[in-house]
Amino acid sequence: MSTPISAPLRPLGEILVEKGLISSQQLEEALRLRGEWGSRLGDVILSTGWVRPLDFYCALADHFGLAFVDLMNDPVDDALVDQDKLLEYTQHLYIPWKRVNGALLVATAEPGSEAMAAIAAADPAVRFVVTSKFDIIWELQRVGERRFSHLALYRLAEKAPAHSARVVVTRPQKRVFVAFALPLLVLLVLFPSPVLIALNGLMNLFLFASFLFRTVLCWMSCGENDQSTVTAEEIEALRTQDLPVYTVLVPMYKEPGVLPILAAALRKMDYPRSKLDVKLVLEADDMATINAAKALALDATFEIIRVPPSLPKTKPKACNYALQFARGEYLTIYDAEDKPDPDQLKKALVTFRKLGPQTACVQARLNYFNAEENWLTRMFTLEYSLWFDMFLPALDRLRIPIPLGGTSNHFDLEKLLAAGAWDPFNVTEDADLGLRFAAMGYRVAVVNSVTYEEANSQTSNWIRQRSRWIKGHMQTWLVNMRDPAGLLRRVGIRGFCSLQLFIGGGILSVIAYPFMVVPFVLWVLTRTTSVAALFPPGVRLVSLLNLLAGNSFLIYLSMLAAAKRHHFTLLPHALTVPAYWLLMSVAGYKGLWQLVTRPFYWEKTNHGISRFTPEVLRSSTSV
Amino acid sequence: MESAGSPPRFFALLLPFDRAAAARALAIGTVLGLAAVGHSLDSAAHFRFAAVLCALLSLWYAHLEHSGVSRAVSGAAMVLLAWQIHSAPRSLYDSAALGGGLFVYLAVWVLAAYDRQPGLQSLAGAALLLSAGVLAKPAIAISCAVLSLALFAEHVRANSNRLGFGLLLFTPALLCWLGASAFGLLSAGTLRAGPFIPHIGAGAPGNAHIWRYLFFVPLAVIAFRLIRRRFRGPDLAYLAMLAMGSVICRAEWPQGALSLEDLFFIAAGGAAALLAATEAPVAVRQAPLTPAETPG
């Protein structure tokens, strides 16, 4: 019964009730929601989870008088699939299925869409059958795996190789490095003491400037950035019917236990569920998480995207892969254990509309739900509060490029694609993308909405995660410094200096921190004179200022950040921040080592290990 | 603790003025400064003092005008201060003491800013500025300590989060003190100025008449603020500082901590700042430290 698409024969709701798939009360409720949300009835019913998708699409076939086909039992003919049209297939949810008696049969999950009408108009010989969107996505992944994988890995590297970290250090960078390093080495051999003193002095001056810059940012943020503050009235003013489809990517790897947390948080979202396009992005070899996701029996809003195995196995590669299946106008990323504020999507949307078409991304603030678990989580919470509540809003206010945080960044999908999406070779792809947006003239804003995550509560796990972040920042700095003059032209002097002080300063401070602390601790403990040669009076003054004032400011800025976030119980713990910085240095050296030995290796952070997680899971599953 | 409206402008003086206002401030400051000390320009130190005084009076006038204080009140206050300086003995003409007055001016202004706009930024500003007093000479350190304690007392009267507020207010001072001590220890040098030797003993015979002039400007300013219904926490803190300073100065204990010159200019500096803060708009008072919200 494969036919061209004609007008629907009978109302879909009537068919569903007649088949006993939904009750008439449910139909009434669905019709009410359709009016309220401005969605199609089918999307509303699928998002409620009342009907199994397979049953729904059978009814949809009846609705249009078309045949239903189960692609799992009767897969597509690979030869019919045009590899250049894969993205079109994913966008409009159709796929050429078979050729019968010379006529092309197209399997679609959207038989009533304009795209199908256009196909039918272009080739009257085409016939249609209905299938489930999940079958189409599955088949597309099977047939187009190689192409999708290639695009996920090399889209940026091929389109804009200068922005890709695929090459860690470029040849010109190596030449510059050698041009500086060789004379320096010669001078070091000839005049060791003055050269070391000069290097020490320069490093300290740079660190001092970096501290100062962070203090200024913090000071500015003690007020509030009104421009990116979305009010309740602005959210109220949004018309639900006009809300666009929002894609939510949830990349996960080997974390089957925490998915219910995000699933519950997404269900609580103040956003029409029929307009959510949630992709659980799972590695194809991670059967435990795939099975856990299936076992949750999530509604049809959730789709599982299986990322085929390939190297490097990174989160940005997985996101790039899933991006090709995204159908939203806007897109955001959450980790599996995230608990975003329910109104976050709306706030991001208001921010996009308020700030205008130059805004490519809106970053929500991140914080932790297990701050009080142990010393490490307290320190991590202080640091995140400082980063997301102090530094980023100030950078936004100064219109300085913002390195994005790992999750809860909301993108205008069109601009994300224009920027080449994430760099799969960069292990802090988010920070890199924020800077790339700035270089393209786009704005990244910060919104007053919070996503609560799980803070790393184990030292070894924390060091793994942090070493990856620091390595990624090194990659980001190297990528951006391939063409310093070009970068200066594109982001201006403020953006350029900010990159040096914020990213460069951050890297240098964790690397240099032990060199600042250890000699003085040694000197205090042993009164040795052996370090004095490297610290003549001028250098000693700056070094001491850096050590004492820098640490003091770190402590106080952390306190201010905690107070701004209303974490008053964390205030006394801020006094131990200098010890946390020593831990950062350990991670920094690990990151540096990995940059040389395994630049694209993704140090996996284990989630779901907090002692608060079972409680959060319980409350999530009870929703 | 997100402040309502724009943050207070601590550095309002750095904002661009129109040329006429700048010229007016400079002319008035120079004339009054010279009128105050012109009769004693007989040494390089006095010339230096006169130059600093003229500059500070000019800045003060500009600040008063910028803060919305009427020209009549500004002019009267400046004349009063100039007359007070003029009437005082030459031994008071000490540039270092004038610097102390300037520091207290800033400290009281920051306190007043916190009072008008309670928020994290103004609290941090107050804490950082007051902590810098640790590095200054004892007279300033004592003034800052009293001002901090007064601000703390004012806060705990109305709010419950004492520990949080106390940590935010006193940590910079504590760290500054620890840092300065460590710096002195490690660098075998010191940031602190050399031991301060008062030029005149407060209780020395013949100096009793100075006390008559000392409180003239402060009392006039406090009276003015009472009339304008602007008498608030910073005024109490200022009076506490003045009272404590007078006791220390009079008793000469700790010895050499607070000289009469210091007290003279500390009193003047604080009063000058209060006058500048009088006409600034008062925000709706908020509780700056609210109970912790439960995340998640």
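Predicted model: local features only at pLDDT ≥ 70, side-chain atom pairs only at ≥ 80, totals over all residues.
1. Helix α4 of chain B covers residues 95-116 and helix α10 of chain B covers residues 233-251; they pack with their axes 8 Å apart, at an angle of about 150°. Angles over 145 degrees count as roughly antiparallel, so α4(B) and α10(B) are roughly antiparallel to each other.

2. Which residues make that contact? From α4(B) come V108(B), L111(B), A112(B) and D115(B), while α10(B) brings G233(B), P234(B), A237(B) and Y238(B). Look at the numbering as you go through them: an α-helix has 3.6 residues a turn, so residues three or four places apart point the same way. Sorted by class, the contact of α4(B) with α10(B) has six nonpolar residues, one polar and one charged.

3. Now step back to the whole of chain B. It's divided into domain 1, residues 19-87, and domain 2, residues 95-288. Where the two touch, domain 1 of chain B puts in 16 residues and domain 2 of chain B puts in 15.

4. What does the domain 1 side of that contact consist of? Two helices of chain B, α2 (44-67) and α3 (71-87), each supply at least two residues of the side that touches domain 2. The largest share is from α2(B), with nine residues.

5. Over to chain A, which has 23 helices and twelve strands. Its C-alpha trace spans about 90 × 50 × 40 Å along the principal axes. Does that go with a compact or an extended chain? For 623 residues, a compact globule would have a radius of gyration near 25 Å, and chain A has 27 Å, which agrees.

6. How is chain A put together inside? Of its 623 residues, 51% count as buried. If you take the contacts in chain A with a separation of 6 or more, 80% of them are between residues 24 or more positions apart.

7. One helix to click on in chain A is α18, residues 429-439. It's mostly covered, with ten of its eleven residues buried. Among the buried ones are the nonpolar A431(A), L433(A), L435(A), F437(A) and A438(A).

8. α18(A) is followed by G441(A), and the phi of G441(A) is positive, near 90°.

Conventions:
Residues numbered from 1 in each chain as written. Chains lettered and ligands numbered in written order. Domains from an automatic or database assignment. Contact = placed C-beta atoms within 7 Å. Helix = DSSP H or I, 4+ residues; strand = E, 2+ residues; numbered from the N terminus. Rg over C-alpha atoms; globule rule 2.2 N^0.38 Å. Buried ≥ 20, exposed ≤ 12 C-beta atoms within 10 Å, placed from the backbone. Axes fitted to C-alpha atoms, helices over the stretch in contact; angles between N-to-C directions. Parallel < 35°, antiparallel > 145°, perpendicular 65-115°, else oblique.
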